[in-house]
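Thank you for making time this morning.

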Amino acid sequence: MASYVQKVSSGSEADTQYEVIDEKKRRRMISNRESARRSRMRKRQHLDDLINEVSKLQKANSEIALQINQTSQLYAGIQNENNILRAQVVELNDRLESLNSVLGIVEEVKGCSFDFPQMADPLLKPWQLPYPSQPLMASASMLHF
């Protein structure tokens with residue numbers, strides 16, 4: 001580096017030159033301090049924004065977890081109702097078969113002919129209705145005991 005000091009014949013010119021350099025250094029130092037202060041403020045603001053975002057995401061996460069829990073409970077209840085309904089279908093099919101066998105015995109004894117339809121097992125083919133020509137008039141309130 002080259003030396004910045006110049007030889008000057010008068011002392012007042014040297015003092016003025018050093019004052020200019022000192023003034024530049026002082027302004028630069030003030031500018032650097034202000035820049036550092038602004039940088040710290042931006043960093044603090046960014047940290048505050050991130051903390052707020054984390055808080056919002058945690059709240060949303062807990063709401064989603066609550067919804068999942070409620071939906072799981074609802075699903076379990078519906079699954080239990082379906083299991084009950086399936087058991088009732090099996091029981092009703094067994095009763096129908098018993099009644100059909102009793103009617104068959106009566107037919108043999110009396111010699112009368114009864115025309116009773118055979119029920120398809122809806123558990124084997126749930127997409128096929130046993131009597132598709134008749135509309136279903138059932139509702140959920142009918143099934144609660």
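What you see is a predicted model, in which local features need pLDDT of at least 70 and side-chain atom pairs count only at pLDDT 80 or more, while totals for chains, interfaces and linings use all residues. Residues are numbered from 1 along each chain as its sequence is written, and side-chain values use heavy atoms, with hydrogens and water left out.

How many helices and strands does the protein have? There is one helix, and there are zero strands; helix 1 covers residues 11-110.

As for confidence, pLDDT is the predictor's confidence in each residue, from 0 to 100, and its mean over the protein is 80, with 67% of the residues reaching 70 or more. Please be careful with residues 1-9, where pLDDT stays under 50 and where the model has seven contacts (heavy atoms within 4.5 Å) beyond four places in sequence.

The protein exposes about 13500 Å², of which carbon and sulfur atoms supply 58%. A residue is called buried under 20% relative accessible area, exposed over 50%, and partly exposed in between (1.4 Å probe, protein chains only); buried residues make up 2% of the 145 residues.

Now to the salt bridges, where a side-chain nitrogen of Lys or Arg lies within 4 Å of a carboxyl oxygen of Asp or Glu. By this rule, the model has four of them, and I will take you through several.

In one, the side chains of E23 and R26 meet, with N to O at 2.5 Å. Where do these two sit relative to each other along the helix? E23 and R26 are three residues apart in helix 1, and so they are separated by about one helical turn. E23 is partly exposed at 29% relative accessibility, and R26 is partly exposed as well, at 42%. E23 and R26 also belong to a network of salt bridges that includes R27.

Further along, R37 and E34 form a salt bridge at 2.2 Å, N to O, and they too are three residues apart in helix 1, about one helical turn. R37 has a relative accessible area of 35% and E34 one of 31%, which means that both count as partly exposed.

Finally, E91 pairs with R95, the closest N and O atoms being 2.9 Å apart. E91 and R95 lie four residues apart in helix 1, about one turn, and they are partly exposed, E91 at 41% and R95 at 49%.

Key: Accessible areas come from the Shrake-Rupley method with a 1.4 Å probe; for residues, only the protein chains shown count as cover.
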